[in-house]
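Please consult the sequence and the structure shown below while reading.

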2 protein chains.
Amino acid sequence: MNSEVLPRTRAARKPFEVRRAEIVRKAASFFAQFGFDATTRDLANWLGTTQPLMYRYFPSKNALIEEIYQSIFVGAWKKEWDALLSDRTRPVRERLVEFYDQYTDVIMNSEWMRLYLFAGLRGVDITRLYIARVEERIIRPVMREMAADIGTTITPENEPKLLELAWSLQGGIFYYGVRKFVYGTAVYQEKHEMIATSVDVYASSWPKA
Amino acid sequence: MNSEVLPRTRAARKPFEVRRAEIVRKAASFFAQFGFDATTRDLANWLGTTQPLMYRYFPSKNALIEEIYQSIFVGAWKKEWDALLSDRTRPVRERLVEFYDQYTDVIMNSEWMRLYLFAGLRGVDITRLYIARVEERIIRPVMREMAADIGTTITPENEPKLLELAWSLQGGIFYYGVRKFVYGTAVYQEKHEMIATSVDVYASSWPKA
DNA sequence: CCCTAGCTTTATCACACGATAAATAAACAA
DNA sequence: TTGTTTATTTATCGTGTGATAAAGCTAGGG
């Protein structure tokens, strides 16, 4: 990044919480583009302020990054999704498609996916935590609802296979997003179509379809 | 990384090509662990040499990184895989399972997968090139062989769906590797079992199974 | 055994980095 | 209008960075 410091007009004075929230929001898109090793000077330029300003709001660069993690990963989950996934008044395939439509509306964009991958490679705990959450709130509910629909019981014997099947659905959908938003390569179906097909294939993989 | 420079014994003197190859190989595992922003001093410490030595063999840090890309991405493909995938004397599912068993033996390790993700986030051309290659040498052959086996014709109408179906197989398998080798989280089946199941599900998604 | 080619190290440069302290200026209350 | 508060900027520190130049050392040929 080229940090040309052109003659700047003094940054507008803003209330503490407003500026703080603005820094978190804009820094997220900045680090998503340039990685967490990008400099605080370039960040300041991106924000339209000067470099030391950040230190009024966060004790260190890393503290700011931690805050971004929180806003991105913890804020991703919408609590109505738990109810949506387990609403047995509706056909299970319909629920799964609607859930993945909504979930991917949140995570399938360049900013979210790149921050997720950057964080994962940094080896921060929050990504392992996030995967554990995905398993608890998506993978296992999906298994449970499919099992209930088909009339199968989850046993210690078939559980490993069922877990990996559900993870495979998740992974297939996720990788579509990686291709499109991280690598910028071609995809051949709209998101919704791809999800519908994936859910169909997944549901059909259970014994009595 | 802590670059403690303990009293070192002078590095063994080695012929040009030997040392050069050693640097590429060891630097690959170094950058896989610490990312491409890790310093040349820490790299030298990792190699058991001093920092300026690298510059006898590569004009810049980035030139070394480019060489690592080549060795990892171009070197990944084994030419017998083309023949394996299209060997119509054998059942198609068997071929797909054997191919993915072998392919994942090469790429499913912490070093390969982390370098792949690091490179992708850096936005280097080689990753887009690699994805194009995957599509040409895996995705399309898989489609073609399945179509031939089932007796279906690939048309402009069904091609997008068939492409995404094959990508979904690839993505599901790949994400298993990401979970295991990048995030270090639990997986519930051995690699071979997961592949066998995935290929089965994929094959069954075609009309006449 | 010595000598030279060339592999390896020491010393150093110019600059970029995260972070801190002190000065400046804009908003708001009296 | 004036005084106080606090958001923002300027100036700077100590350290780490990729890279270069010159000196040091070791293996192999004679």
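In this predicted model, domain 1 of chain A and domain 2 of chain A bury about 1100 Å² between them, with 63% of that area on carbon and sulfur atoms. On the side of domain 1 of chain A that touches domain 2 of chain A, the elements giving two or more residues are α1 (16-34) and α4 (61-74) of chain A. By class, this side of domain 1 of chain A has nine nonpolar, five polar and no charged residues. Across the interface of the two domains the rule finds zero salt bridges, but four residue pairs in polar contact, both residues at pLDDT 80 or more.

The domain assignment of chain A places domain 1 at 16-72 and domain 2 at 76-204. To their contact, domain 1 of chain A gives 14 residues and domain 2 of chain A gives 10 residues. The C-alpha centres of these two domains of chain A lie 30 Å apart.

The second topic is the DNA. DNA strand D is surrounded by 26 residues, the closest being A:Ala12, A:Arg19, B:Arg13, B:Thr39 and B:Tyr55. Of the atoms of DNA strand D that come within 4 Å of the protein, sugar and phosphate account for 58%.

| Side chain | Atom of DNA strand D | Distance |
|---|---|---|
| A:Arg13 | base oxygen | 3.0 Å |
| A:Tyr57 | phosphate oxygen | 2.7 Å |
| B:Thr40 | phosphate oxygen | 2.9 Å |

The elements that give two or more residues to the surface near DNA strand D are α1 and α3 (54-57) of chain A, together with α2 (40-47) of chain B. The residues of that surface comprise nine nonpolar, six polar and 11 charged.

Definitions and conventions:
Residues are numbered from 1 along each chain as its sequence is written. Chains are lettered from A and ligands numbered from 1 in the order in which they are written. This is a predicted model: local features need pLDDT of at least 70, side-chain atom pairs count only at pLDDT 80 or more; totals for chains, interfaces and linings use all residues. Side-chain values use heavy atoms; hydrogens and water are left out. Domain bounds come from an automatic or database domain assignment. Contact means heavy atoms within 4.5 Å. Buried area is the accessible area (1.4 Å probe) that two parts lose on being put together, summed over both. A salt bridge is a side-chain nitrogen of Lys or Arg within 4 Å of a carboxyl oxygen of Asp or Glu. A polar contact is a pair of N or O atoms within 3.5 Å; within protein, one must be able to donate a hydrogen and the other to accept it, and residues adjacent in sequence count only if both atoms are side-chain atoms. Helices (H or I, at least four residues) and strands (E, at least two) are DSSP runs, numbered from the N terminus. Ala, Val, Leu, Ile, Met, Phe, Trp, Tyr, Cys and Pro count as nonpolar, Asp, Glu, Lys and Arg as charged, and the others, Gly among them, as polar. A residue is near a molecule or strand if one of its heavy atoms lies within 4 Å of it.
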